[in-house]
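Subject: Structure handover

Hi,

Here is the structure for you to look through. My notes follow below it.

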Amino acid sequence: MHLRRSIEPEWLDELPPADPRAMRSRRDLRRINALMMNGRLVARELRRVFPGPAPRAIVEIGAGDGSFLLRVAEKLAPQWPAMDVVLLDQQSLVSPATSGRFTAIGWQAQAVSADVFAWLAQPAAPVFDVIVANLFLHHFDAARLAELLSLIARRTRVLIACEPQRSSRALFGSRMLGAIGCNDVTRHDAVVSVRAGFVNRELCGLWPAVGAWTLREYPYGLFSHCFVAARAENDASGACDVGAGHPA
Ligand SMILES: C[S@@+](CC[C@H](N)C(=O)[O-])C[C@H]1O[C@@H](n2cnc3c(N)ncnc32)[C@H](O)[C@@H]1O
């Protein structure tokens with residue numbers, strides 16, 4: 001039996017960027033992303049959806065300090081030596097050091113501070129090749145999420161999202177984070193995030209029924225849940241395997 005989905009505020013979203021507890025929690029997040037192997041997953045999905053020419057640009061929504069997409073970039077740069085990157089977050093968190101590391105591998109990163117809804121709803125916004133979301137979509141309740149996915153569907157050819165899995169195992173894991181030295185903010189937000197996470201075809205069910213899209217949604221590793229939406233012309237397989245499981 002699955003846990004009921006519940007949304008509560010996360011402390012990291014509300015603390016000022018320079019608060020020492022927030023800074024420490026963002027460092028914890030880097031370790032958690034490594035443990036969850038989310039960067040590997042997103043890099044694998046990007047290669048899968050773009051088997052030929054690389055996308056021109058990658059946008060991450062809810063990008064935090066940009067370190068997650070930097071890890072993904074470092075995996076992909078040998079095959080994709082140049083890329084424009086947009087790191088969108090409501091807070092201004094991307095350091096010159098992180099921007100410099102993108103530049104060093106040939107990727108140009110632009111940090112944008114804005115609310116994701118306002119930013120995606122701009123009338124003149126272009127259609128992007130790909131939007132990535134890591135540990136972000138779970139912030140929103142079903143109604144807001146449907147609104148967000150609808151904005152995303154209008155603004156991208158591909159969405160790759162990696163979110164917490166809402167399972168007893170992930171909840172247990174989130175309660176163990178003190179054992180690896182994570183602080184109170186991280187421990188609080190991890191439990192809240194798992195309760196707000198996803199299972200089965202929940203994200204497919206919220207995707208707008210507009211246009212031809214291939215949707216895939218599957219559990220990944222021990223704690224993650226992956227959702228990929230690709231406009232039909234971008235799907236490598238051409239198969240519509242909505243809700244199908246996928247090997248981790
Ligand atoms: C859990 S953090 C994940 C950060 C990053 N994706 C990572 O994996 O390290 C979620 C991020 O979403 C941002 N965020 C929350 N609500 C937002 C909104 N409405 N618009 C833009 N960013 C938002 C927060 O500031 C925070 O940096």
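Histidine 138 counts as buried, because its relative accessibility is 1% (buried means under 20% relative accessible area, exposed over 50%, partly exposed in between; 1.4 Å probe, protein chains only).

This is a predicted model: local features need pLDDT of at least 70, side-chain atom pairs count only at pLDDT 80 or more, and totals for chains, interfaces and linings use all residues. Numbering runs from 1 along each chain as its sequence is written, and side-chain values use heavy atoms, with hydrogens and water left out.

Back to histidine 138. It sits in the loop between β4 (128-134) and α7. Its side chain makes a polar contact with the side chain of glutamate 163, at 2.8 Å (a pair of N or O atoms within 3.5 Å; within protein, one must be able to donate a hydrogen and the other to accept it, and residues adjacent in sequence count only if both atoms are side-chain atoms). Leaving out residues up to four places away in sequence, histidine 138 touches Arg5, Ile7, Glu10, Glu163, Pro164, Ser193, Ala196, Gly197 and Phe198 (contact means heavy atoms within 4.5 Å).

Best wishes

How values were computed: Helix = DSSP H or I, 4+ residues; strand = E, 2+ residues; numbered from the N terminus.
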